Number of protein chains: 2
Amino acid sequence: MGAARRLDDTFAALADPTRRGVIDLLREQPRRAGELAAAFDMSPPAMSRHLRVLRKTGLVEEDAVEDDARVKLYRLRPERFSELRAWLDEVEAFWGDQLQSFKEHAERTRGKKRP
Amino acid sequence: MGAARRLDDTFAALADPTRRGVIDLLREQPRRAGELAAAFDMSPPAMSRHLRVLRKTGLVEEDAVEDDARVKLYRLRPERFSELRAWLDEVEAFWGDQLQSFKEHAERTRGKKRP
DNA sequence: GCAATATTTAACGCCGTCGTTAACCATTCG
DNA sequence: CGAATGGTTAACGACGGCGTTAAATATTGC
């Protein structure tokens, strides 16, 4: 049930196009906070909060690499995405049965316009 | 880009625990609107709007079966879930490369506390 | 026709989100 | 030290989501 609460935040985080855009950029390589703000033509504070949201949900992590301690690098983290996939798998497990019945039905009624 | 817009709504729809709960119930079998409202101890109007959201995103469909034309049956629809899976696949495709590089890096620096 | 049933729409209030600008650390470097 | 740079936090306004109750719309059945 802890996981369910976390899914709330995960989905909410992904509902924002800017945040999905960030994820898209981070797929290629880690990026600096300011770099991301610029990429979306958005004020640094605005991006900072988007990053905070992504951080809190665990979709992204921040580490202070580089020789300059002011800059923060953001990168993707796989765990939450796996969790998301797990949820999706669970929901879609249903199609298996559903489509199975459908297939069987189609099989039985093949070629007939109306059974 | 139409698909991206749709993802906004899909994720937003799934961010609500009630709506995910509805999806969970619909996995087992189609349900009536009022039945769903009762299941979540919620007023019919509130559930009605949740269902409207789910309908608009295409996660759910409504058809008026049964001999009583007043009742509406809701059931899941696979298309949007597939779309979601596609997005997730795309994002996760990155782990392959990432983990690959990480593995190589770990390989090179194995046993050293600090490179 | 009229009361009861199933669901949706309308109108209202509350609270959280998203963006902006201004102020606030921390760090670099001249 | 002191200005400049990178980033986050604070305060504010606009907008939208979610729940409630009241009213509207079908449809059923006596």
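Modeller: A polar contact is a pair of N or O atoms within 3.5 Å; within protein, one atom must be able to donate a hydrogen and the other to accept it, and residues adjacent in sequence count only if both atoms are side-chain atoms. The model here is predicted: local features need pLDDT of at least 70, side-chain atom pairs count only at pLDDT 80 or more, and totals for chains, interfaces and linings use all residues. Residues are numbered from 1 along each chain as its sequence is written, chains are lettered from A and ligands numbered from 1 in the order in which they are written, and side-chain values use heavy atoms, with hydrogens and water left out.

Biologist: Which side chain has an N or O atom 2.8 Å from a phosphate oxygen of DNA strand C?

Modeller: That side chain belongs to S43(A).

Biologist: Which element gives the most to the surface near DNA strand C?

Modeller: A residue is near a strand if one of its heavy atoms lies within 4 Å of it. Helices are DSSP runs of H or I with at least four residues, strands are runs of E with at least two, and both are numbered from the N terminus. Here α4(B) gives the most, with five residues. Of the 25 residues around DNA strand C, those that come nearest include S43(A) and Y74(B). Sugar and phosphate make up 65% of the atoms of DNA strand C that come within 4 Å of the protein.

Biologist: How many salt bridges are counted between chain B and chain A?

Modeller: A salt bridge is a side-chain nitrogen of Lys or Arg within 4 Å of a carboxyl oxygen of Asp or Glu. The count between chain B and chain A is eight. In one of them, R85(A) pairs with E92(B), and the closest N and O atoms are 2.5 Å apart. On the side of chain B that touches chain A, α5(B) supplies the largest share, twelve residues.

Biologist: What is the phi of D41(A), and is the residue buried or exposed?

Modeller: Most residues other than glycine have a negative phi. D41(A), although not a glycine, has a positive phi of about 50 degrees. This residue lies in the loop between α3 (33–39) and α4 (44–57) of chain A. Buried means under 20% relative accessible area, exposed over 50%, and partly exposed in between (1.4 Å probe, protein chains only). D41(A) counts as exposed because its relative accessibility is 74%. In chain B, D41(B) has a positive phi near 50 degrees and is exposed, with a relative accessible area of 73%.
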